[in-house]
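Q: I have a chain open and would like to go through it step by step. Can you take my questions as they come?

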Amino acid sequence: AQFANSTTAVGTRQKSLATMVTNDCSNYNRFNFSYSTLKLSEFGLEDTYPGFRFGWTGGYSVVETVPFFLETGVDFSFNTKVLEEDKYSKEKSTTASLIVPLQLAYKLSFQNGAYISPYTGFHFKVNVLGKDTEPSYHYDETESYNWFDEDYGSYRRFQMGWRIGGNIGYKAFN
């Protein structure tokens, strides 16, 4: 009798774990704001630029009965770094980019509001600003150099990459 009771208890526990997972196929929106660093490599040297990133991601259901989503959106990234500064002048670099992800995600939702969402896909990046500003030989004037000019640098305005990762969230927090 004890063996039969323990089997029933185990069977009940397994059933309750299976019922914790929900099938949430509804579309969603996420807004983000984060501290974001940019790492650039040039001539064998690496430099890190602190900054921030904010944006929006929308998930659109691909199939009504399975929680597969097509995610897209837009992020804005802004990074700047003071390269050299004294009491008379300041030399700095500034970058800004728009990033558009296009990815597939599977959302595993739980009854308590938590979810896990692995994803894979691509992102498209448009570098809208890249410049160095340094003091001029004239008093109180500065000179700017555009990173995308042929004379100055070999940086590109458009970049494309792939991404793989996951989101972990609880209700409105991701």
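Q: What share of the contacts in the chain with a separation of 6 or more is between residues 24 or more positions apart?
A: That share is 57%, where contact means heavy atoms within 4.5 Å. Before going on: this is a predicted model, in which local features need pLDDT of at least 70, side-chain atom pairs count only at pLDDT 80 or more, and totals for chains, interfaces and linings use all residues. Residues are numbered from 1 along each chain as its sequence is written, and side-chain values use heavy atoms, with hydrogens and water left out.

Q: How much of the chain is buried?
A: Of the 174 residues, 26% are buried. Buried means under 20% relative accessible area, exposed over 50%, and partly exposed in between, with a 1.4 Å probe and protein chains only.

Q: Take Ser 117, then. Buried or exposed?
A: Ser 117 is buried, at 2% relative accessibility. It sits in strand β9, residues 114-135.

Q: What does Ser 117 touch?
A: Beyond its neighbours within four places in sequence, Ser 117 is in contact with Ala 105, Tyr 106, Lys 107, Gly 165, Gly 166 and Asn 167. With one of these, Tyr 106, the side chain of Ser 117 reaches the backbone oxygen at 3.4 Å.

Q: New topic: the surface. Which residues make the nonpolar patch?
A: Val 74, Leu 98, Val 100, Phe 122, Val 126, Val 128, Leu 129, Phe 158, Met 160, Trp 162 and Ile 164 make a patch of about 1,000 Å².

Q: Which strands supply at least two residues each?
A: Those are β7 (90-106), β9 and β11.

Q: And Leu 129, where is that?
A: Leu 129 is in strand β9, and it is partly exposed, at 30% relative accessibility.

Q: Where is Lys 171, and is it buried or exposed?
A: Lys 171 is in the segment after β11 (158-170). Its relative accessible area is 56%, so Lys 171 counts as exposed.

Notes. Helix = DSSP H or I, 4+ residues; strand = E, 2+ residues; numbered from the N terminus. Polar contact = N/O pair within 3.5 Å; in protein donor to acceptor, adjacent residues only side chain to side chain. Patch = residues over 30% accessible without salt bridge, like charges linked within 9 Å, V, L, I, M, F, W, Y side chains within 5 Å. Areas by Shrake-Rupley, 256 points an atom, 1.4 Å probe, with all protein chains shown as cover. Salt bridge = Lys/Arg side-chain N within 4 Å of Asp/Glu carboxyl O.
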